Amino acid sequence: MKLFGKKKETSCCCGGNCTPENMTNAEKKKNDKGIKILGSGCAKCKELEKATRSALTELNLDFEIEHITDFAQIASYGVMSTPALVFNGKVISYGKVLTVDEVKKLLEKER
């Protein structure tokens, strides 16, 4: 009777992209100023980006929005549920699509 077999090899959560170099680069980019949308590029991510753009226009703020789809970079923020909204390196929302008013409140609070 064999209780212990050969250990099954598993890949990392991001499909083998978690090299030390990629993780270091992701950590450096994490401290960049500005607004980032974290997610795969799905409809929910695009909806959050649209709401964020509208909120920026209504608040007369001039920020570029960067959409991050790289799983290593997303993981560096500690986000397990997307879409996520990042402002000046800080995750201010994750796991849901915000309305324009919700984005405005969060941005005003973080400024």
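Trainee: Which residue in β3 is the bridge partner of Ile37?

Mentor: Leu85 is the bridge partner of Ile37 there. Keep in mind that this is a predicted model.

Trainee: How many bridges join β1 to β3, and do they run parallel or antiparallel?

Mentor: Four bridges join them, and the two strands run antiparallel. β1 covers residues 35-38 and β3 covers residues 84-87. Another bridge pair is Leu38 with Ala84 in β3.

Trainee: And what about β1 and β2, parallel or antiparallel?

Mentor: Parallel, with four bridges between β1 and β2. Ile35, for instance, has Ile65 in β2 as its bridge partner.

Trainee: What is the strand order in the sheet?

Mentor: The order is β2-β1-β3-β4, in an open sheet of four strands with mixed pairing.

Trainee: Which strands stand at the edges?

Mentor: β2 (65-68) and β4 (90-94). Each has a single partner strand, so one side of each is left without a neighbour in the sheet. From one strand to the next, the twist averages 25°.

Trainee: Back to β1. Which way do its side chains point, and are they buried or exposed?

Mentor: Ile35 and Ile37 point one way, Lys36 and Leu38 the other way. All of them are buried, Lys36 included. In general, side chains in a regular strand alternate between the two faces of the sheet.

Trainee: Helices next. Which strands does α2 lie across?

Mentor: Helix α2, residues 43-58, lies across β1, β2 and β3, and runs at about 160° to β1. Helix α4, residues 100-110, also packs on the sheet, where it touches β1, β3 and β4. The direction of α4 makes about 160° with that of β4.

Trainee: What is the handedness of the unit that β1, α2 and β2 make?

Mentor: Right-handed; the three make a β-α-β unit.

Trainee: Different topic. How many aromatic pairs are there in the whole structure?

Mentor: A search of the whole structure finds one. The pair is Phe63 with Phe87, edge-to-face, at 5.4 Å centre to centre and 75° between the planes.

Trainee: Where do the two sit in the chain?

Mentor: Phe63 is in the loop between α2 and β2, and Phe87 is in strand β3. They are 24 residues apart, so the pair links distant parts of the chain.

Trainee: Why does Phe87 count as buried?

Mentor: Because its relative accessibility is 4%, and the cut-off for buried is under 20%. Phe63 is at 30% relative accessibility, so Phe63 counts as partly exposed.

Methods:
Residues numbered from 1 in each chain as written. Predicted model: local features only at pLDDT ≥ 70, side-chain atom pairs only at ≥ 80, totals over all residues. Heavy atoms only, no water. Pairing = 2+ DSSP bridges. Axes fitted to C-alpha atoms, helices over the stretch in contact; angles between N-to-C directions. Contact = heavy atoms within 4.5 Å. Buried < 20%, exposed > 50% of the residue type's maximum accessible area, 1.4 Å probe, protein only. Right-handed = clockwise from strand over helix to strand, strands pointing away. Phe/Tyr/Trp six-rings, centres within 6.5 Å; stacked < 30°, edge-to-face > 60°.
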